[in-house]
Amino acid sequence: MATLGQDLIESANEALAIARGEKVPAKSIAVEAVDVVAIRKRLGLSQQAFARKFGLSTATLRDWEQGRRSMDRTAQALLKVIDHAPDAVERALKLA
């Protein structure tokens with residue numbers, strides 16, 4: 001059984017091989033830009049209500065909307081799902 005240290009070394013070696021062009025990286029999914037203001041307004045929610053409903057920080061949401069902070073890919077993916085299936089996201093978060 002591999003140890004954490006061995007796993008980290010293996011991951012670093014794999015990253016190096018990818019950087020050198022010796023290995024192809026795993027498939028990645030590109031998420032297009034998300035207009036969080038449009039999503040929030042379409043749902044008829046204030047910043048505070050939207051943040052509370054979907055487990056986000058109001059300050060972070062405000063920063064995204066005002067362009068002071070960029071969304072990471074995980075946040076972009078979550079907002080894309082909220083855009084297409086807000087009820088499903090809300091139900092899933094209530095189960096957690």
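This is a predicted model: local features need pLDDT of at least 70, side-chain atom pairs count only at pLDDT 80 or more; totals for chains, interfaces and linings use all residues.
Which residues have the most contacts inside the largest nonpolar core?

Residues are numbered from 1 along each chain as its sequence is written, and side-chain values use heavy atoms, with hydrogens and water left out.

**View 1. The largest nonpolar core.** A nonpolar core is a set of buried Ala, Val, Leu, Ile, Met, Phe, Trp, Tyr and Cys residues joined through side-chain atoms within 4.5 Å, where buried means under 20% relative accessible area (1.4 Å probe, protein chains only). The largest one here has 14 residues, and Val 36, Phe 50, Trp 64, Leu 79 and Ile 82 have the most contacts inside it. At least two residues of this core come from each of α2 (36-42), α3 (47-53), α4 (58-65) and α5 (73-84), and α5 gives the most, with 3 residues. Helices are DSSP runs (H or I, at least four residues), numbered from the N terminus.

**View 2. The surroundings of Trp 64.** Leaving aside neighbours within four places in sequence, Trp 64 is in contact (heavy atoms within 4.5 Å) with Val 36, Leu 56, Arg 69, Ser 70, Met 71, Ala 75 and Leu 79.

**View 3. Ser 46 in its loop.** Ser 46 lies in the loop between α2 and α3, and the side chain of Ser 46 reaches the backbone nitrogen of Ala 49 at 3.0 Å.

**View 4. Arg 20 in its loop.** Arg 20 has its place in the loop between α1 (4-19) and α2. Arg 20 and Ala 92 are 72 residues apart in sequence and 41 Å apart in space, C-alpha to C-alpha.

Technical notes: Buried means under 20% relative accessible area, exposed over 50%, partly exposed in between (1.4 Å probe, protein chains only). A polar contact is a pair of N or O atoms within 3.5 Å; within protein, one must be able to donate a hydrogen and the other to accept it, and residues adjacent in sequence count only if both atoms are side-chain atoms.
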